[in-house]
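Keep the sequence and the model side by side while reading.

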Amino acid sequence: MASSVPSIPISPDYPAEIAVAAVPDDPRVWVPQAPSVWFRPLMFNTVAGGWCNLLKVTTTGIVSRHRHPGAVFGYVISGKWKYDEHDWTAEAGSFVYEPPGEIHTLRVPPESSEMVTFFNISGAMVYVDEEGRQTGYEDAFTKIQLCRDYYDSNGLGASYVDQFIR
Ligand code: FE
(Lines give C-alpha, C1' and ligand atoms only; values in the text may rest on other atoms or scores of the structure.)
Protein backbone atom coordinates (compact mmCIF):
# COMPACT_ATOMS: atom_id res chain seq x y z
CA MET A 1 0.00 0.00 0.00
CA ALA A 2 1.39 3.36 -0.97
CA SER A 3 2.16 5.66 1.93
CA SER A 4 0.95 9.24 1.91
CA VAL A 5 4.12 10.29 3.75
CA PRO A 6 6.62 11.70 1.27
CA SER A 7 10.04 10.08 1.29
CA ILE A 8 12.94 12.23 2.42
CA PRO A 9 15.47 12.62 -0.37
CA ILE A 10 19.06 11.59 0.26
CA SER A 11 21.41 14.45 -0.56
CA PRO A 12 24.62 13.78 -2.48
CA ASP A 13 26.12 16.61 -0.42
CA TYR A 14 26.24 14.82 2.91
CA PRO A 15 29.83 14.42 4.13
CA ALA A 16 31.10 10.85 4.20
CA GLU A 17 30.76 8.91 7.42
CA ILE A 18 33.75 7.77 9.47
CA ALA A 19 33.94 4.35 11.11
CA VAL A 20 37.31 3.19 12.40
CA ALA A 21 38.74 1.28 15.33
CA ALA A 22 39.27 4.12 17.79
CA VAL A 23 42.36 2.55 19.32
CA PRO A 24 44.58 1.84 16.31
CA ASP A 25 46.59 -1.34 15.76
CA ASP A 26 49.40 0.64 14.13
CA PRO A 27 51.29 2.72 16.73
CA ARG A 28 52.35 5.19 14.01
CA VAL A 29 48.81 6.61 14.02
CA TRP A 30 49.50 8.24 17.42
CA VAL A 31 50.83 11.75 16.76
CA PRO A 32 53.23 13.21 19.35
CA GLN A 33 52.09 16.60 20.64
CA ALA A 34 54.27 17.03 23.75
CA PRO A 35 56.72 14.87 25.74
CA SER A 36 54.85 11.67 26.73
CA VAL A 37 51.63 12.99 25.14
CA TRP A 38 50.08 11.67 21.90
CA PHE A 39 46.79 12.13 20.08
CA ARG A 40 45.00 9.81 17.68
CA PRO A 41 42.86 11.83 15.22
CA LEU A 42 39.29 10.64 14.64
CA MET A 43 37.48 13.59 13.05
CA PHE A 44 38.46 17.15 12.15
CA ASN A 45 35.52 19.52 11.78
CA THR A 46 36.80 22.29 9.50
CA VAL A 47 33.38 23.93 9.06
CA ALA A 48 32.11 24.40 12.63
CA GLY A 49 35.61 24.21 14.15
CA GLY A 50 36.70 21.45 16.47
CA TRP A 51 37.86 17.88 16.47
CA CYS A 52 37.51 14.44 18.00
CA ASN A 53 40.55 12.50 19.09
CA LEU A 54 42.00 10.14 21.63
CA LEU A 55 44.54 11.65 23.98
CA LYS A 56 47.19 9.34 25.39
CA VAL A 57 49.49 10.34 28.26
CA THR A 58 52.26 7.97 29.37
CA THR A 59 53.63 9.89 32.32
CA THR A 60 52.42 11.17 35.66
CA GLY A 61 52.25 14.74 36.93
CA ILE A 62 51.11 17.89 35.17
CA VAL A 63 50.38 17.43 31.47
CA SER A 64 49.17 20.91 30.55
CA ARG A 65 47.32 24.00 31.75
CA HIS A 66 44.77 25.14 29.23
CA ARG A 67 41.60 27.03 28.50
CA HIS A 68 38.74 25.92 26.27
CA PRO A 69 36.84 28.66 24.40
CA GLY A 70 34.20 26.04 23.61
CA ALA A 71 32.70 23.03 25.34
CA VAL A 72 34.58 19.74 25.62
CA PHE A 73 33.06 16.27 26.05
CA GLY A 74 35.19 13.33 27.09
CA TYR A 75 35.04 9.62 27.82
CA VAL A 76 37.89 7.90 29.61
CA ILE A 77 38.97 4.63 28.00
CA SER A 78 41.78 3.68 30.38
CA GLY A 79 43.79 5.09 33.27
CA LYS A 80 42.99 8.08 35.46
CA TRP A 81 43.43 11.85 35.35
CA LYS A 82 42.22 14.93 37.13
CA TYR A 83 42.19 18.70 37.00
CA ASP A 84 43.94 20.43 39.92
CA GLU A 85 41.05 22.91 40.07
CA HIS A 86 38.47 20.19 40.82
CA ASP A 87 38.17 17.45 43.44
CA TRP A 88 36.97 14.68 41.10
CA THR A 89 39.11 12.12 39.31
CA ALA A 90 38.13 10.82 35.87
CA GLU A 91 38.80 7.12 35.39
CA ALA A 92 38.02 4.37 32.87
CA GLY A 93 34.33 4.66 32.02
CA SER A 94 33.94 8.26 33.21
CA PHE A 95 32.11 10.84 31.12
CA VAL A 96 33.40 14.41 31.45
CA TYR A 97 31.91 17.74 30.37
CA GLU A 98 34.24 20.75 30.45
CA PRO A 99 32.45 24.10 30.28
CA PRO A 100 33.58 26.81 27.86
CA GLY A 101 35.87 29.44 29.34
CA GLU A 102 37.32 27.33 32.11
CA ILE A 103 41.07 27.18 32.75
CA HIS A 104 42.29 23.92 34.25
CA THR A 105 45.46 21.95 34.87
CA LEU A 106 45.50 18.38 33.62
CA ARG A 107 47.33 15.96 35.89
CA VAL A 108 47.83 12.20 35.79
CA PRO A 109 48.03 10.95 39.39
CA PRO A 110 50.96 8.78 40.53
CA GLU A 111 48.85 5.61 40.65
CA SER A 112 48.08 5.85 36.90
CA SER A 113 51.10 5.60 34.62
CA GLU A 114 49.07 5.84 31.39
CA MET A 115 45.70 7.21 30.39
CA VAL A 116 43.70 7.20 27.15
CA THR A 117 40.65 9.46 26.80
CA PHE A 118 38.31 10.29 23.94
CA PHE A 119 37.72 14.05 23.62
CA ASN A 120 35.26 15.95 21.45
CA ILE A 121 36.69 19.49 21.49
CA SER A 122 34.74 22.50 20.23
CA GLY A 123 36.69 25.38 18.74
CA ALA A 124 40.22 25.43 20.06
CA MET A 125 42.65 24.72 22.89
CA VAL A 126 44.52 27.66 24.44
CA TYR A 127 47.52 26.66 26.53
CA VAL A 128 48.42 29.02 29.39
CA ASP A 129 51.02 29.41 32.13
CA GLU A 130 50.38 29.83 35.87
CA GLU A 131 49.48 33.50 35.34
CA GLY A 132 47.01 32.66 32.58
CA ARG A 133 49.27 33.99 29.82
CA GLN A 134 48.95 32.17 26.52
CA THR A 135 51.77 29.75 25.70
CA GLY A 136 50.20 27.76 22.89
CA TYR A 137 47.18 27.33 20.65
CA GLU A 138 45.58 24.46 18.75
CA ASP A 139 42.61 24.20 16.42
CA ALA A 140 41.46 21.73 13.79
CA PHE A 141 43.88 23.21 11.26
CA THR A 142 46.99 23.16 13.44
CA LYS A 143 46.13 19.58 14.44
CA ILE A 144 45.72 18.55 10.79
CA GLN A 145 49.14 20.02 10.00
CA LEU A 146 50.74 18.16 12.92
CA CYS A 147 49.27 14.94 11.51
CA ARG A 148 50.41 15.67 7.98
CA ASP A 149 53.98 16.39 9.07
CA TYR A 150 54.20 13.36 11.33
CA TYR A 151 52.58 10.90 8.92
CA ASP A 152 54.80 12.21 6.15
CA SER A 153 57.83 11.41 8.32
CA ASN A 154 56.80 7.95 9.55
CA GLY A 155 55.77 6.24 6.33
CA LEU A 156 51.98 6.48 6.62
CA GLY A 157 52.07 9.42 4.21
CA ALA A 158 50.83 12.97 4.66
CA SER A 159 47.48 12.11 3.06
CA TYR A 160 46.71 9.51 5.74
CA VAL A 161 45.02 12.28 7.75
CA ASP A 162 42.61 13.14 4.94
CA GLN A 163 40.19 10.35 5.93
CA PHE A 164 39.47 12.23 9.19
CA ILE A 165 38.81 15.69 7.68
CA ARG A 166 35.27 16.95 7.03
FE1 FE B 1 40.44 20.49 29.39
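A residue is called buried when its relative accessible area is under 20%. The model discussed here is predicted. His66 has a relative accessibility of 2%, so His66 counts as buried. Glu98, also at 2% relative accessibility, therefore falls under the 20% limit and is buried as well.

Both residues belong to the metal site. Which protein atoms are the donors of the iron ion? They are NE2 of His66, His68 and His104, OH of Tyr83, and OE of Glu98, at 2.1 to 2.3 Å from the ion. Along the chain these donors follow the spacing H-x1-H-x14-Y-x14-E-x5-H. The site joins distant parts of the chain: His66 sits in strand β4 (residues 61-67) and Glu98 in strand β8 (residues 95-98), 32 residues apart.

The nonpolar cores come next. The largest one has 27 residues, and the members that touch the most others are Phe44, Leu55, Trp81, Met115, Cys147 and Val161. Two or more residues each are supplied by β2 (37-45), β3 (50-57), β5 (72-78), β6 (80-83), β9 (103-108), β10 (115-122), β11 (124-128) and α1 (140-154). Of these elements, α1 gives the largest share, 4 residues.

Apart from neighbours within four places in sequence, Val161 is in contact with Phe44, Ile144, Cys147, Arg148 and Tyr151.

Definitions and conventions:
Residues numbered from 1 in each chain as written. Predicted model: local features only at pLDDT ≥ 70, side-chain atom pairs only at ≥ 80, totals over all residues. Heavy atoms only, no water. Core = buried A, V, L, I, M, F, W, Y, C linked by side-chain atoms within 4.5 Å. Buried < 20%, exposed > 50% of the residue type's maximum accessible area, 1.4 Å probe, protein only. Contact = heavy atoms within 4.5 Å. Donors = N, O, S within 2.8 Å, 3.2 Å for Na, K, Ca; no water.
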